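Hello,

Here is the structure I promised to pass on to you. Have a look at it first, and then read on for what turned up.

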Amino acid sequence: MKKLILTFFIAAFSFAAQAQVKTIGIKTSAICEMCKETLEKDLTFEKGVKSVNLDLETKVLNIAYLDSKTDPDKLRKRITMVGYNADSLKRDPKAYAKLDECCKDGAHDDDIPHKKDH
């Protein structure tokens, strides 16, 4: 009986040790608060994701995830399927077409002060 209990605890500890929370920062093409909301909401539903936060200034999506449930490649792929670039992976064109106009390339160019020609 003691061996059975000991075996159970060793197996439980081994399983718990295998599932580690890791973090990754993925550079995106996100440009506004709506992009932030869209990405954070969508990635929350990805299996194994524990937390998601997009830093709009750097455009980096910081994700904490269980490495036994997902991996960086799956996370990058998910981001592209939402309509955004993810590191070197290009966004899915169909998903990009469905994004709100304010989330598309050049939508906020008018927010940048321009030099006036004299």
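A word on accessibility before anything else: buried means under 20% relative accessible area, exposed means over 50%, and partly exposed is in between, with a 1.4 Å probe and protein chains only. This is a predicted model, in which local features need pLDDT of at least 70 and side-chain atom pairs count only at pLDDT 80 or more, while totals for chains, interfaces and linings use all residues. Residues are numbered from 1 along each chain as its sequence is written, and side-chain values use heavy atoms, with hydrogens and water left out.

Let me start with Lys-50. At 55% relative accessibility, Lys-50 counts as exposed. Lys-50 lies in strand β2; helices (H or I, at least four residues) and strands (E, at least two) are DSSP runs, numbered from the N terminus. Contact here means heavy atoms within 4.5 Å. Setting aside neighbours within four places in sequence, Lys-50 is in contact with Ala-64, Tyr-65 and Leu-66. Between Lys-50 and Lys-22 there are 9.5 Å in space, C-alpha to C-alpha, and the two are 28 residues apart in sequence.

Next, helix α2. Residues 33-44 make up this helix of 12 residues, and from first C-alpha to last it reaches 16 Å, close to the 16 Å expected at 1.5 Å a residue. That expected span is 1.5 Å times one less than the number of residues. Which residues of α2 are buried? They are Cys-35, Lys-36, Leu-39, Glu-40 and Leu-43. These residues are on the same side of α2 because they cover an arc of only 120 degrees around the axis, the arc being that of the directions from the helix axis to the C-beta atoms. Their packing partners are β2 (49-55), β3 (60-66) and α3 (72-82). On the face turned away from the buried side, α2 carries the exposed residues Glu-33, Glu-37 and Lys-41.

Thr-70 is also worth a click. You will find Thr-70 in the loop between β3 and α3, where it is buried, with a relative accessible area of 3%. Not counting residues up to four places away in sequence, Thr-70 touches Glu-46, Lys-47, Gly-48, Tyr-65 and Leu-75.

Now for the charged pairs. Side chains of opposite charge can pair when their charged atoms come close. I count a salt bridge when a side-chain nitrogen of Lys or Arg is within 4 Å of a carboxyl oxygen of Asp or Glu. On that basis, a search of the whole structure finds 8 salt bridges. Three of them are described here:

- Arg-78 pairs with Glu-46, and their closest N and O atoms are 2.5 Å apart. Arg-78 lies in helix α3 and Glu-46 in the loop between α2 and β2, so this pair ties together parts that are 32 residues apart in sequence. Arg-78 is partly exposed at 23% relative accessible area, whereas Glu-46 is buried at 15%. Asp-42, Glu-46 and Arg-78 are linked in a network of salt bridges.
- Arg-91 pairs with Asp-105, with the closest N and O atoms 2.5 Å apart. Since Arg-91 lies in the loop between α3 and α4 (93-98) and Asp-105 in the segment after α4, the pair ties together parts that are 14 residues apart in sequence. Arg-91 counts as buried, at 18% relative accessibility.
- Glu-101 and Lys-104 meet through their side chains at 3.3 Å, N to O. Glu-101 is exposed, with a relative accessible area of 58%, but Lys-104 is buried, with 14%.

Best wishes
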